Amino acid sequence: MQQQTLDADKKKYTLGASTVFQVVQDQQTLASAQSTEQQALANYSHARISFDQAMGTTLDVNHISVDEALSGKVKRESQLPATLPAATQTDPNAEPKQ
């Protein structure tokens with residue numbers, strides 16, 4: 001929603017109906033909202049890990065077999081999750097993540 005607000009105010013600014021101050025304020029609000037979202041995702045991840053540890057289901061949730069680990073041979077093929085998080089890069093010269 002913050003992105004839509006920023007886009008709308010940028011458009012208003014180009015038409016002369018908004019100020020630079022309002023656009024900059026919208027950019028700051030968007031950055032704050034994105035930061036809050038990332039923190040919420042991190043908090044959820046940490047809470048999920050703590051829950052799995054408390055329930056004693058960490059190995060099951062991560063599909064880890066002690067027998068396979070001891071034998072050193074995995075019986076199933078590794079698979080990536082169906083949805084991967086979008087990679088964000090702060091350095092425009094950085095190599096893309098594999």
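Select helix H2, residues 20-55. H2 has 36 residues and reaches 52 Å from its first C-alpha to its last, close to the 52 Å expected at 1.5 Å a residue; the expected span is 1.5 Å times one less than the number of residues. Helices here are DSSP runs of H or I with at least four residues, and strands are runs of E with at least two, numbered from the N terminus.

This is a predicted model, in which local features need pLDDT of at least 70 and side-chain atom pairs count only at pLDDT 80 or more, while totals for chains, interfaces and linings use all residues. Residues are numbered from 1 along each chain as its sequence is written, and side-chain values use heavy atoms, with hydrogens and water left out.

H1 has 13 residues and spans 18 Å from first to last C-alpha, close to the 18 Å expected at 1.5 Å a residue. Just after H1, select Gly16, which takes a positive phi of about 85°.

Now show H1 and H2 together. Two packed helices are described by the angle between their axes and the distance between the axes.

Which residues make the contact? On H1, select Gln2, Gln3, Thr5, Leu6, Asp9, Lys10 and Tyr13; on H2, select Val20, Gln22, Val23, Asp26, Gln27, Thr29, Leu30 and Ala33. Contact means heavy atoms within 4.5 Å.

Stay on H2 and select its buried residues: Val23, Asp26, Leu30 and Asp52. Buried means under 20% relative accessible area, with a 1.4 Å probe and protein chains only. The buried residues of H2 pack against H1 and helix H3 (58-61).

Zoom in on Asp52, which lies in H2. Asp52 counts as buried because its relative accessibility is 7%. Asp52 touches Thr57, Thr58 and Val61, leaving aside residues up to four places away in sequence. Just after H2, Gly56 takes a positive phi of about 75°.

Finally, select the whole protein chain. Its secondary structure comes to four helices and zero strands. Of the 98 residues of the protein chain, 8% count as buried.

Methods: Axes fitted to C-alpha atoms, helices over the stretch in contact; angles between N-to-C directions. Buried < 20%, exposed > 50% of the residue type's maximum accessible area, 1.4 Å probe, protein only.
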